[in-house]
Amino acid sequence: MEKYDVVIIGAGPGGFTAAYALNKGNKRVAIVEEDLWGGTCPNRGCDPKKIFVSGMEAVERINQLAGKGFIPVNSIRWPELAAFKRTFTDSFSGSFRKKLQNRGIETIEGTAKFLNSKQIQAGKQVIEADAFIIATGQRPGIPDIEGKEFLKTSTDFLDLENLPARITFLGAGYISFELASIANAAGSKVTIIHHNDRPLKGFDGDLVSDMVEAFKEKGIRFVFNTDIRKVSRRGGQLLLTGSEYSETTDYIVCATGRIPNIEKLGLENAGVESGRRGILVNGYLQTSNPAIFACGDVVDKKQPKLTPVATFEGNYAAGKILDASLAGISYPPVVSIVYGSPKLAGVGITVSEAKSAPEKYEIRDIDMTGWFNYRRMNEPVSRARLVYENGQLRGACILNNEADDLVNYLAILIEKGITREEMGHMILGSPTIAADLRHLL
Ligand SMILES: Cc1cc2nc3c(=O)[nH]c(=O)nc-3n(C[C@H](O)[C@H](O)[C@H](O)COP(=O)(O)OP(=O)(O)OC[C@H]3O[C@@H](n4cnc5c(N)ncnc54)[C@H](O)[C@@H]3O)c2cc1C
């Protein structure tokens, strides 16, 4: 039986980051993957989505300048954009596996299952290790309703060869908002159905309302407070039925939540505890079995389940295995972005958190629509909600088309505690979004 210092289960961003770090620390490492090497992000998540977002941005940028030298664009040639996306995704998994192997990391194909706390069944072989890292991520959840076989997922959407004329998204989280924006810019008639009236619940409610209005302006339809109970086929169409609601559509993307990949792991054989939201860990990312760590989306945690969080945790878990005296994990402010049109992005203390401690925090609401950098691009909406503590920026939520870059700059200012005076000593290229930062401090 092969024996390793560390075996990692799942070759997504959390797992492969840990593998690289442990390999660099001279550990004998094996990584087990049952599907695509690289995991969700590069194969069926962030990266393919961002390629479609690039198409959306091009269309929206032109349409914003309609009547100002540009003729509006109605659609995208989807098959061409999809083919462009495949030039990134088709060969990724194979070439990424080779990259791991070239570093001297053993790559094992198959589903991993704990036989006991020291051994796992990995595909056809049984292997042993002193320590394990579980990084098995999440998958789309499909509700158990009549006709659930007609529901598609974000993975199916990102693999579409042709864009359906009408698309309905179930759930109003970030994945629905992003894919709905893409489909809308590409010419599809889009509806988002949500079980309550508070979409994107992790983000500032006022800016979410503005975002919903901006989406409606672009023709995206919202149906709130509606639970879909049944889906059936009617000729070439699909019929969605809820209590007091029904509609016909061509394609349904279910994005009502993602579920942790834990069922096949045999966790009970290794004394690892888990719940509905994932594997339970302590402040060192150790599970209830201290020799077994977990990182990334599979962990039950309050941080957003995003790639940079998974890689941060992968590095930490590896660091803790290499140096048992390492202090507990401490997260910097985490940036979350909704790549819609417009984009919504947040970092640090939220306005609702600040409102619960008014003696501590000051809140500023800034309408940036009239600022030169937004007027030159004719942006319909640009707004920031900022939180300060003793005059120091502690949190931000931004709604505009540049929010993805702007929020990262703000995260650096928050993390480094940079003040308005210190910004005054910097000479940045202007007129740019970054040069406006001093007005937000
Ligand atoms: C549509 C979409 C868009 C997204 N966009 C963004 C974005 O813009 N920015 C961002 O930061 N994040 C985004 N995310 C989230 C991001 O993809 C995840 O946070 C990230 O991939 C998590 O990494 P991970 O390593 O924890 O898990 P994953 O990347 O999911 O990798 C887990 C791996 O484990 C494997 N596995 C599971 N069970 C087993 C087993 N028993 N044995 C062996 N292998 C197993 C799986 O096959 C998978 O390859 C997006 C996700 C989706 C679905």
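Strand 8 (residues 166-170) and strand 9 (residues 189-193) run parallel and are joined by five bridges; helices (H or I, at least four residues) and strands (E, at least two) are DSSP runs, numbered from the N terminus. Within this pair, Thr168 stands opposite Thr191 of strand 9. Both strands belong to an open sheet of four strands with parallel pairing, in the order 10-9-8-14, where two strands pair if DSSP finds at least two bridges between them. Its edges are strand 10 (221-223) and strand 14 (251-254), each pairing on one side only. From one strand to the next, the twist averages 20°; axes are lines fitted to C-alpha atoms, for helices over the stretch in contact, and angles run from 0 to 180 degrees between N-to-C directions.

The model examined here is predicted, and local features need pLDDT of at least 70, side-chain atom pairs count only at pLDDT 80 or more, and totals for chains, interfaces and linings use all residues. Residues are numbered from 1 along each chain as its sequence is written, and side-chain values use heavy atoms, with hydrogens and water left out.

A further open sheet has three strands in the order 11-12-13, with antiparallel pairing. Here the edges are strand 11 (228-234) and strand 13 (245-249), and each pairs on one side only. Neighbouring strands of the sheet are turned by 20° against each other on average, direction ignored. Strand 12 (residues 237-242) is joined to the antiparallel strand 13 by five bridges, and Leu240 faces Glu247 of strand 13 across this pairing.

Attention now turns to the ligand. Of the 38 residues around the ligand, those that come nearest are Gly14, Glu33, Thr40, Lys49 and Asp297; a residue is counted as near if one of its heavy atoms lies within 4 Å. A polar backbone atom of Gly14 lies 2.9 Å from an oxygen atom of the ligand, and a backbone N or O atom of Lys305 is 3.4 Å from a ligand oxygen.

Grid points are joined across faces, edges and corners, and a volume is the space filled by probe spheres set on the points. The structure holds one cavity of 30 Å³ or more, and the volume of the largest cavity is about 50 Å³. Its lining consists of Gln64, Lys218, Ser341, Pro342, Glu379, Pro380, Val381 and Asn401. By class, these are three nonpolar, three polar and two charged residues, with Ala, Val, Leu, Ile, Met, Phe, Trp, Tyr, Cys and Pro taken as nonpolar, Asp, Glu, Lys and Arg as charged, and the others, Gly among them, as polar.

Some backbone details complete the picture. Ser341 and Pro342 are joined by a cis peptide bond with omega of about 5°, and Pro342 sits in the loop between strand 19 (336-338) and strand 20 (343-348). Another cis peptide bond links Ser430 to Pro431, with omega of about -5°; Pro431 belongs to the segment after helix 13 (420-424). Leu285, although not a glycine, has a positive phi of about 60°, and is placed in the loop between strand 17 (278-279) and strand 18 (292-294).

Notes
1 Å grid on protein atoms, 1.4 Å probe; cavity = no way out; pocket = protein on both sides within 12 Å on 5 of 7 lines; lining within 4 Å. Polar contact = N/O pair within 3.5 Å; in protein donor to acceptor, adjacent residues only side chain to side chain.
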